[in-house]
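Walk through this model one region at a time. Keep the sequence beside the coordinates as you read.

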Amino acid sequence: MVRTSIKTIGSGIDRLSGLPEHLLCRILSELSTKDSIRTSVLSKHWRNLWLHVPVLELETSDFPDNLVFREFIDRFVGFDKEIDLKSFDIFYDVNVHWYDDFLWMIDDVVKRRVCDLMVTNNPYVVDGKLVRMPISLYSCATLVILNLSFVAMNNLPSESVCLPRVKTLYLHGVKFDGDSILGTLVSSCPVLEDLTVVTHPGDYEKVVCFRSQSVKSFTIESQCEYKDPNVEIDCPRLEYMCIREYQSESFVVHSIGPYAKVDVDIFFEVEYEDPLAITMIRNFLTGISKVREMTISSRTLEVIRGYHSMVKALPQFSNLSSLDALLVESYWELLPVFLGCCINLNSLVVELDGLSEIEEFKVSPLLQDSLSARGFVQQKTPVSGTKTSSERKIAAYFVKKSG
């Protein structure tokens, strides 16, 4: 372990302490909160310097009891209220600490004009012990990054929600009380660019509407045991959309950005003989038909095959130039159906799931014939723009022959 020293070797001069306070605080902000506090023993000049650092990273398990934790927060938040709080990151265990203390703590952090807020509750608590975010958070004018995990949010009227500077919103296992609060939260962030939602295991809302004129990246991932909420997306500037392990009755894409990139793993709990289901799937496929790059799962290809078996036609994916397909060995026949509507495809990566590294990747004759008929040849090395061979160990790469 390197011993901390504030003196220049051989000179006895404390040059570090001679730096301006704002530079010292900037140095301390690069350390963990624990290490920043440890510098208080260096000299009298450093005793309270850590209290001026606008960054705090805590775990409530680091404190022996709730009283010590509260005294620590009171001291830090109340020391210099003129300093804007750049970042506040806390892992809070509501099983050990008091919920009322959590509310006043977040209230005080909001009053300190926090910019980056990350709150993680103990993920193993029951729903009844999820900490609820205070009302003051919903109208915090300084927030730029909001990252919440395993907490609860109240259903508030839209006029009570306004986050004018939030650009990044990450919601993991957040329980929303009401059918509209998630959509209201997103639409109340006028400059939001990056949105990630990992659903709560026992989900709450029947339909979630994501409407934003600013969002560029959107990821939604399921943690539900059964059925996910239905989704509607209206984000005309969206450049990247990722749907992971999602299973719902409806997923409507009203608008995304032209030439977007999508990563889609979705399955619909529907009967393909149902005309309403056929219309819904058609609208979903049409909604993503303008994308330029796509990664698609075997589950989604199965949806496409089920739809095709009923209507004998698919929307044209005329902009699609790069396709990455994840298959299981018994699903080879799913891909040729989809390739028929990708008339301008130039590169294809096929990953076969379930093989060990030593097993040989053999492309099925059905797929090989389909690709050959479309002018594709197999490459021994990854095509330009795809993931590296170290990331895709069991994969085949195809490119379209020029001319």
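Helices (H or I, at least four residues) and strands (E, at least two) are DSSP runs, numbered from the N terminus. This is a predicted model, where local features need pLDDT of at least 70, side-chain atom pairs count only at pLDDT 80 or more, and totals for chains, interfaces and linings use all residues. Residues are numbered from 1 along each chain as its sequence is written, and side-chain values use heavy atoms, with hydrogens and water left out.

Start with G173. This glycine sits in the loop between strand 6 (168-172) and strand 7 (175-176). G173 is buried, at 1% relative accessibility. Here buried means under 20% relative accessible area, exposed means over 50%, and partly exposed lies in between (1.4 Å probe, protein chains only). What does G173 touch, leaving aside its neighbours within four places in sequence? Its contacts are F150, V151, V198, T199 and H200. Contact means heavy atoms within 4.5 Å. S149 is 24 residues from G173 in sequence, yet their C-alpha atoms are 5.7 Å apart in space.

F150 lies in the loop between strand 4 (145-149) and strand 5 (152-153). Its phi is positive, about 60°, although F150 is not a glycine. F150 is buried, with a relative accessible area of 18%.

R113 also has a positive phi of about 60° without being a glycine. Look for R113 in the loop between helix 4 (99-111) and strand 3 (116-121). R113 counts as partly exposed, at 28% relative accessibility.

Step back into helix 4. Its axis and that of helix 3 (residues 66-79) come within 11 Å and cross at roughly 15°. That makes the two helices roughly parallel. Axes are lines fitted to C-alpha atoms, for helices over the stretch in contact, and angles run from 0 to 180 degrees between N-to-C directions. Angles under 35 degrees count as roughly parallel, over 145 as roughly antiparallel, 65 to 115 as roughly perpendicular and the rest as oblique. From helix 3, N66, F69, R70, I73, D74 and V77 meet D101, W104, M105 and D108 of helix 4. This contact divides into five nonpolar, one polar and four charged residues. The nonpolar class is Ala, Val, Leu, Ile, Met, Phe, Trp, Tyr, Cys and Pro; Asp, Glu, Lys and Arg are charged; the others, Gly among them, are polar.

Helix 6 (residues 275-287) and helix 7 (residues 298-311) pack at about 120°, with their axes 11 Å apart. They are therefore oblique to each other. I278, I281, R282 and L285 in helix 6 meet V303, I304, Y307, M310 and V311 in helix 7. Here the division is eight nonpolar, no polar and one charged.

Next comes Y240, in strand 12 (residues 240-248). Y240 is partly exposed, with a relative accessible area of 26%. Beyond its neighbours within four places in sequence, Y240 is in contact with K216, S217, F218, T219, K261 and D263. Y240 and A260 are 20 residues apart in sequence and 5.7 Å apart in space, C-alpha to C-alpha.

Finish at helix 9 (residues 365-373). L367, S370 and L371 are buried there. Seen down the axis, the buried residues of helix 9 fall within an arc of 95°, so they line one face of the helix. The arc is that of the directions from the helix axis to the C-beta atoms. On the other side, P365, D369 and A373 are exposed. G375 follows helix 9, with a positive phi near 85°.
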